[in-house]
Amino acid sequence: MKPIKSRKGTFKSKIPFLYLAVVIAIIFTSYGYAALNTELSISGEAYVKVETDIRVTNIKVLSSENKGYETYNNKYTKDTTSTFVTLPDSNSKLTYEIEITNDSNSRYYLSDILEDSYSNKNVKYEIQDISVGDIIPSNTVKKLKIVFTTTTPNQDTAVVLQYVFKKVKQTEWLYAYTGGEQTFTAPYNGRYKLETWGAQGGYAKSSDILSGYGGYSVGEIDLNVDAQLYLNVGGQGENNLNPAQKADGGYNGGGSASAGTTIVYSGGGGGATHIAKISGILSSLENNKDDILIVSGGGGPAGYLAVSYGTYYGFGGSGGGISGNAGTSEGSINENTGGQGGTQTNGYAFGQGQTNGTFAGGGGFYGGTAKTDYRGGGGGSGYIGNPLLTNKTMYCYNCQKSNEISTKTISTTCTSATPTANCAKQGNGYAKITFID
């Protein structure tokens, strides 16, 4: 039997078993005490496996043209490549292929490419097949190229590049109503989903006299890193529970109602919600329609009339879709409809609901109109007509339908105060941007 080694020395096989057991027990007791009271030192080799995540895993010469060649063997580390080339002719070229492996379960993106060193500015290099902001999906290998060229013969250069990778952490950006413009800067190259909800119109007299809901619009767009979008989220029209007070329209195009008489008054129109490539509330972009990406119309306000022979009221028309809904009138006095909804080409005004004395309309791509009596105001229209927007649809409450790609509209009876896909919006508007890939 071979000797048994321990911190106490060497025990040979002829030691009685009982004595050996006692010694081993003492050793284990000592180790237990050390674990509780002192640092435990481990001698010898130890191997610790770490998650590789994402790294450069290979570099090689892919092709050579007109006598271009590699001067010294290339090198690479986890996040750098080092190349050494000679380009003897004015049209020499040398191309390297690099492999980047993401063997984690997370998505990463190329945050930056840093030039650690570059020895000869007469030699030009170009990174192909990848750009800053590009996504490297989980469990994939991304191949890219570095192409070296020169217009001056007999040129040598050494180039060390560092690739900065960061984990994709945020993929949703939420925009509640603030009463002002908000901005979004794309952190990655890729496809984003845009969702907008218009705002509801204001009540008149009480919440039982319903105002129009805001519409919902959705679509997808490709963006490059650092692209900026401008969001204006519509505000709910002010409620008018007292005829002596005015009712302001919601932010971004809701029409306002001035103080009413003792018998007739209206709420304020709901504001539209839109996303554009340039700054400005919707009504300021009439001459820049190509920069508007998506719009959800605001709802029209409710109206109210109280006279000695009865009370009468009108519901506001809901906004959104190819055309906002018209307001309605309830009661026995002249059952004509109320204000008209905005469409894709006309309404009260581009981006603005009507202000008509004590009555108002909802904001939208084109805003709704108002009547000068108790009838409800019209809702504003939505918009998804920009060709940059794909997979796009508008939803609105009990509204006109459309199957055309640029105006596709689905009627819904779903409404919610919480922003919900495919549902009309109660209260203030909302917007959401989601990175898809």
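These notebook entries record what I looked up in the structure above.

**Entry 1: Ground rules**

I am working with a predicted model, in which local features need pLDDT of at least 70 and side-chain atom pairs count only at pLDDT 80 or more, while totals for chains, interfaces and linings use all residues. Residues are numbered from 1 along each chain as its sequence is written, and side-chain values use heavy atoms, with hydrogens and water left out.

**Entry 2: The whole chain**

I began with the secondary structure, and the protein chain has 1 helix and 29 strands. Here helices (H or I, at least four residues) and strands (E, at least two) are DSSP runs, numbered from the N terminus.

I then asked what share of the 437 residues counts as buried. The share is 47%, where buried means under 20% relative accessible area, exposed over 50%, and partly exposed in between (1.4 Å probe, protein chains only).

The accessible surface of the chain comes to about 20,800 Å², and carbon and sulfur atoms hold 49% of that surface. Such areas come from the Shrake-Rupley method with a 1.4 Å probe, and for residues only the protein chains shown count as cover.

I also looked up the contacts, a contact meaning heavy atoms within 4.5 Å. Among contacts between residues at least 6 apart in sequence, 66% join residues at least 24 apart.

**Entry 3: The largest pocket**

Rolling a probe the size of a water molecule over the atoms shows where empty space is left. On a 1 Å grid over the protein atoms alone, a pocket is an open set of points with protein on both sides within 12 Å along at least five of seven lines, a 1.4 Å probe that fits but cannot get out marks a cavity instead, and lining residues have an atom within 4 Å of a point.

The largest pocket has a volume of about 190 Å³. Its lining is made of 14 residues, of which Y213, F315, G316, S318 and Y397 are the closest to the centre. A volume here is the space filled by probe spheres set on the points, which are joined across faces, edges and corners.

Which classes of residue make up the lining of the largest pocket? I found 5 nonpolar, 9 polar and no charged residues. In this scheme Ala, Val, Leu, Ile, Met, Phe, Trp, Tyr, Cys and Pro count as nonpolar, Asp, Glu, Lys and Arg as charged, and the others, Gly among them, as polar.

Most residues other than glycine have a negative phi. Phi of N66 is near 55°, and phi of N252 is about 75°.

N66 lies in the loop between β3 (54-65) and β4 (69-70). N252 is in the loop between β17 (228-232) and β18 (264-266).

Is each of them buried or partly exposed? N66 counts as partly exposed because its relative accessibility is 38%, whereas N252 counts as buried because its value is 4%.

**Entry 4: Two loop residues with polar contacts**

Q200 sits in the loop between β15 (190-197) and β16 (216-223). Its relative accessible area is 3%, so Q200 is buried. The side chain of Q200 makes a polar contact with that of S211 at 3.2 Å; the term means a pair of N or O atoms within 3.5 Å, and within protein one must be able to donate a hydrogen and the other to accept it, with residues adjacent in sequence counting only if both atoms are side-chain atoms. Beyond four places in sequence, Q200 touches residues including Y213, Q236 and K425.

N120 lies in the loop between β8 (108-118) and β9 (123-128), and it is buried because its relative accessible area is 12%. A polar contact of 2.8 Å joins the side chains of N120 and Q155. N120 and T157 are 37 residues apart in sequence, yet their C-alpha atoms are 5.1 Å apart.

I275 belongs to strand β19 (residues 273-276) and is buried, because its relative accessible area is 0%. Its contacts beyond four places in sequence include L194, L229, I292 and I433.

I410 is in strand β26 (residues 409-412), and at 30% relative accessible area it is therefore partly exposed. The C-alpha atoms of I410 and M394 are separated by 6.2 Å.

K432 is in strand β29 (residues 430-435). K432 and K193 are 239 residues apart in sequence and 8.0 Å apart in space, C-alpha to C-alpha.
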